[in-house]
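Here is a short briefing on one structure. Keep the coordinates open while reading.

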Amino acid sequence: MTRRSSGTPSIRDVAAAAGVSYQTVSRVLNNAPNVNAATRQQVRDVIARLGYRPNRAARALGSGQSSTVTVVTTNTTLYGYASTLRGIEEAARSNGLAVGVRVVESDSPQDVRLAVEHVSDPNAGGVVVIAYDTAGAAVFRALPPEVPAVAATEAGGLAGVERPMIYLDERQAAAEATRHLLDLGHRTVHHVAIPSETGTSARETGWREALEAVGAPVPAVVPVEWDARSAYLASQRLAADPEVTAVLCGNDDTAVVVRRALYDAGRDVPGDVSIIGFDDVPGAAYWTPALTTVQMDFVTLGHACLAAVAAEVSGEPRTAVDLRAPSLVVRESTAPPRREPRL
């Protein structure tokens, strides 16, 4: 799913007002010789009337000076970040573009400012921000309007931002996963939540909505950080509670840690506790037990981000990319709750 920018005049607005194609407007902006004098003046008059400000990177691309896309991210190893980056790089390579990566260390004002200054250079080309966290979101919000930029975000995008954002519908997928556990007969579902840019992620929202829809108890969310130790310590409390029979984890990395905490507490998966992960990382199908999880197509999301930023740079309509909706993959880690105590 995407959200588009609005409000300021675009190259397509100029083209419509001048009665020409956006390619013609681009040629005028780049002083190409194959535009007749009358049309050239007409386009320039419309540009002046609308107050259109040509995109610096678009002009550089049109004149052959820039063939780079810069990706801003806080992490290059976590599965969702790395897979989105992989998709951007694949699509860029197939379009003859190079990809640069700028890692923003934190959401501190200084780190955000340095990242923004780096990608605001015209030589940075188009910018894709992987804004799954507060640091990425802060960079995207702070980018000057003339910088052509697109963000990959959590479902729903960033509140109050009117720039292109692309995301997968995690909320519906989380609700589907929760309903799966409820349909198996679990009284409720606990949620171990990974960090979120908004504070309440779409994954958490979908989980909560599914419980509330059937009047199931809504347990307190168990928040964890990205590191395994944080998840393990939090999971020990769940593992010690005999009332816990089903857990939806914020991602697959968290799920494997929850599984370990349950094992250490002598609780079987899925005999005593069912677990669902999120992302469907490579290898999840081969864990013991094989992990039920939500499959997220981050690579295609990266393709869509590249197509969107290329359109922002060139002023041409965006090439449609079919984003496959997240879907539940049922494997061995979920089962009906145990009806009798284990001897």
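Gly-302 counts as buried, because its relative accessibility is 0%, under the 20% cut-off. This glycine sits in helix 12. The model is predicted.

**Around Gly-302**

- Gly-302 and Ile-166 are 136 residues apart along the chain. Their C-alpha atoms are separated by 9.1 Å.
- Helix 12 covers residues 298–314 and is one of the elements that give two or more residues to the lining of the largest cavity.

**Cavities**

- A search of the whole structure turns up three cavities of 30 Å³ or more.
- The largest cavity has a volume of about 280 Å³.
- Which residues lie nearest the centre of the largest cavity? They are Tyr-132, Glu-170, Ile-194, Arg-203 and Trp-226, out of 24 lining residues.
- Besides helix 12, the elements that give two or more residues to this lining are helix 5 (79–94), helix 9 (202–213) and helix 11 (252–264).
- Helix 5 gives the largest share of the lining, with three residues.
- Sorted by class, the lining of the largest cavity holds 13 nonpolar, five polar and six charged residues.

**Helix 5**

- Helix 5 has 16 residues. From its first C-alpha to its last it reaches 22 Å, close to the 22 Å expected at 1.5 Å a residue.
- Which residues of helix 5 are buried? They are Gly-80, Tyr-81, Ser-83, Thr-84, Leu-85, Gly-87, Ile-88, Ala-91 and Ala-92.
- Gly-96 follows helix 5 and has a positive phi, near 70°.

**Cysteines**

- How many disulfides are there? The count is zero, with a pair of cysteine sulfur atoms within 2.5 Å as the criterion.
- Cys-249 is buried, because its relative accessible area is 0%.
- Cys-305 also counts as buried, because its relative accessibility is 0%.

- Six strands form an open sheet in the order 8-7-9-10-11-12, and the pairing is mixed.
- Strand 8 (222–223) and strand 12 (327–329) stand at the edges. Each has a single partner strand, so one side of each is left without a neighbour in the sheet.
- Strand 10 (residues 274–279) pairs with strand 11 (residues 292–295) in the parallel sense, over four bridges.
- Gly-277 has Thr-293 in strand 11 as its bridge partner.
- Strand 11 and strand 12 run antiparallel and are joined by three bridges.
- Thr-293 has Val-329 in strand 12 as its bridge partner.

**Strand 5**

- Is strand 5 (residues 149–153) largely enclosed or left open? Five of its five residues are buried, so strand 5 is largely enclosed by the rest of the structure.
- In a regular strand, side chains alternate between the two faces of the sheet.
- Both faces of strand 5 are covered. On one side Ala-149, Ala-151 and Thr-153 are buried, and on the other Val-150 and Ala-152 are buried.
- Strand 4 (residues 126–131) runs parallel to strand 5, and five bridges join the two.
- Ala-131 stands opposite Thr-153 in strand 5.

Notes: Residues are numbered from 1 along each chain as its sequence is written. This is a predicted model: local features need pLDDT of at least 70, side-chain atom pairs count only at pLDDT 80 or more; totals for chains, interfaces and linings use all residues. Side-chain values use heavy atoms; hydrogens and water are left out. On a 1 Å grid over the protein atoms alone, a cavity is a set of points where a 1.4 Å probe fits but cannot get out, and a pocket is an open set with protein on both sides within 12 Å along at least five of seven lines; lining residues have an atom within 4 Å of a point. Grid points are joined across faces, edges and corners, and a volume is the space filled by probe spheres set on the points. Ala, Val, Leu, Ile, Met, Phe, Trp, Tyr, Cys and Pro count as nonpolar, Asp, Glu, Lys and Arg as charged, and the others, Gly among them, as polar. The expected span of a helix is 1.5 Å times one less than its number of residues. Buried means under 20% relative accessible area, exposed over 50%, partly exposed in between (1.4 Å probe, protein chains only). Two strands pair if DSSP finds at least two bridges between them.
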